[in-house]
Structures are given as C-alpha cells and as structure tokens.
Amino acid sequence: MALIIDIKGKYSGLLPNVVSQIYRFRGFDSDTLTAQFQDGTTKNADVNRQLNEAWGFVNQRANIVGGKCNAYFQTLTRHKTLKQVLQEDDIVIHCLEPKSGYSYADLPHADTAGRDIGIDPTILFETSHVLGCTLIHELAHVAGATTDNSKENPHAGDAEEALHHCLCTSQFHLGTLGSIQKVAENGSRLV
C-alpha cells in the first residue's frame, strides 16, 4: 500500500495517542523543514522527497525475492514478510514533538503505534539510507517485534535485528536497544 505523510495536520484527527511522557505525534508543519545546526549553518530538508526516497529504499528490500530481509520478517510474531506487511495497508508518517519540559534532543529516532510511525524530524537531515533503516526497524514492530526491551525478554532485540538482515548493517546497534538515540555525523547511533 502507500506511504502517507502527515503534513500540515492533514491527519490530526487520526493521530495515535502514544504512551510517552516525553513526546507526542503531530503533523509536519510544512513540506520543508528548516534547522539551524551547532556550527551555525542552516539547512533545509524536503519532507516529501526524503521520506519517499527512504520508502523506496524500504521497498527495494521488500522486493528482493528470497532475500534475508523477508525471511527474517517472517520469523516475527505475525509471520509476514516485509513485502506482505507493506501490502496490508497504508503506513502514515507523523512528526514526533517533545512534550513540555523536553526537547528534540530527548526524542528517539522513531516510534510506532499500529501502522502510524512518528519520526524525530532531525533524521530528515540524514541520508535516505539512515531514514530507510529507521523505517525498517519500525516496520519490524508493525510485523510483531516486541517493544518490551527488558533484559529478561529474549526477543528484546528483534526489531533492531531486522537491520542486520535487511542490508542496514551500518545502522545495526543492538546495544542501544530501548535507548533514546541520536545520529552522529558518521551515521552511527549514539546513546
């Protein structure tokens, strides 16, 4: 099915209520995101272009017949390949927004609520590969990977493990499970 991008609150009546004291889902303010970086530079990101390129990356992984990515997704709780998960229904992408007392530095890369995915808007300034790998991780949750990241849970790493099987090895960091993560300049995630 399709990727739907919530821009200008188009889907504000359908926002999922996530259980988080730190953030909430909302629509992107516009098609273009502008940010000022610590080095003083200002950059723009085209929300539609970045997300559609990342979605293309995800679909490439889903369309590899007999590939390790689809085989891995089939081992998750819902027993569906990545391709089947994508074909079930639309995926709606929202922006994550920090709640009062928190900042964008406190946000995770993304969060999933059903078939709705909220992303930290700063990830739009990364490559489509980084964003695509983040979406694959979140789609693993849609496919049944647990969100219980406790040390006692033997399946705590299932969503992160999807990266290893879906040609996202550079983004695979099992040790960051359940942590709020940021992307360093070299593309690796930091806790």
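# Helix packing and core of a predicted chain

Helices α1 and α4 lie oblique to each other. The model is predicted. Their packing angle is about 60°, with axes 8 Å apart.

α1 spans residues 47-62 and α4 spans residues 128-142. The crossing of α1 past α4 is right-handed. On the α1 side, the contact uses Q50, L51, E53, A54, W55, F57, V58 and R61. On the α4 side, it uses S128, H129, L131, G132, C133, L135, I136 and L139. By class, these residues are 10 nonpolar, four polar and two charged.

## Overall layout

The chain has 191 residues, and buried residues make up 47% of them. It holds five helices and nine strands. Along the sequence the order is β-β-β-β-α-α-α-β-β-β-α-α-β-β. Take the contacts between residues at least 6 apart in sequence: 59% of these join residues at least 24 apart.

## Helix pairs

| Pair | Angle | Axes | Crossing |
|---|---|---|---|
| α1 and α4 | about 60° | 8 Å apart | right-handed |
| α2 and α5 | roughly 160° | within 8 Å | right-handed |
| α4 and α5 | about 130° | 8 Å apart | right-handed |

α4 and α5 pack at an angle of about 130°. This makes α4 oblique to α5. From α4, the contact takes C133, I136, H137, A140 and H141. From α5, it takes A159, E160, A162 and L163. The class count is six nonpolar, two polar and one charged.

α2 covers residues 68-75. How are α2 and α5 oriented to each other? They are roughly antiparallel, because their angle of roughly 160° is over the 145 degree cut-off. K68, C69, Y72 and F73 of α2 meet D158, E161, A162 and H165 of α5. Here the classes are four nonpolar, one polar and three charged.

## Nonpolar cores

In soluble globular proteins, nonpolar side chains tend to be buried together. In this chain, the largest nonpolar core has 42 residues. Which residues have the most contacts inside it? They are F28, L51, F73, I93, I119, I136 and L139.

At least two residues each come from β1 (3-5), α1, α2, α3 (82-88), β5 (91-98), β7 (116-119), α4 and α5. α4 supplies the largest share, eight residues.

L139 shows how the pieces join. Beyond its neighbours within four places in sequence, L139 is in contact with W55, V58, F73, L82, V85, L86, I91 and I117.

Another core lies apart from the largest one. It has five residues, including V18, F25, L96 and L107.

## Loop residues

T146 sits in the loop between α4 and α5 (158-165). Is T146 buried, partly exposed or exposed? Its relative accessible area is 23%, so T146 is partly exposed; the cut-off for buried is under 20%. T146 and D158 are 12 residues apart in sequence, yet their C-alpha atoms are 7.0 Å apart. Leaving aside neighbours within four places, T146 is in contact with H141, N153, H155 and A156.

H79 is in the loop between α2 and α3. Its phi is near 55°, a positive value in a residue other than glycine. H79 has 54% relative accessibility and therefore counts as exposed.

L167 is in the loop between α5 and β8 (182-183). Its phi is near 60°, again positive in a residue other than glycine. At 54% relative accessibility, L167 counts as exposed.

Key:
Residues numbered from 1 in each chain as written. Predicted model: local features only at pLDDT ≥ 70, side-chain atom pairs only at ≥ 80, totals over all residues. Heavy atoms only, no water. Axes fitted to C-alpha atoms, helices over the stretch in contact; angles between N-to-C directions. Helix = DSSP H or I, 4+ residues; strand = E, 2+ residues; numbered from the N terminus. Parallel < 35°, antiparallel > 145°, perpendicular 65-115°, else oblique. Left-handed = near helix turned anticlockwise from the far one by under 90°. Contact = heavy atoms within 4.5 Å. Nonpolar A, V, L, I, M, F, W, Y, C, P; charged D, E, K, R; others polar. Buried < 20%, exposed > 50% of the residue type's maximum accessible area, 1.4 Å probe, protein only. Core = buried A, V, L, I, M, F, W, Y, C linked by side-chain atoms within 4.5 Å.
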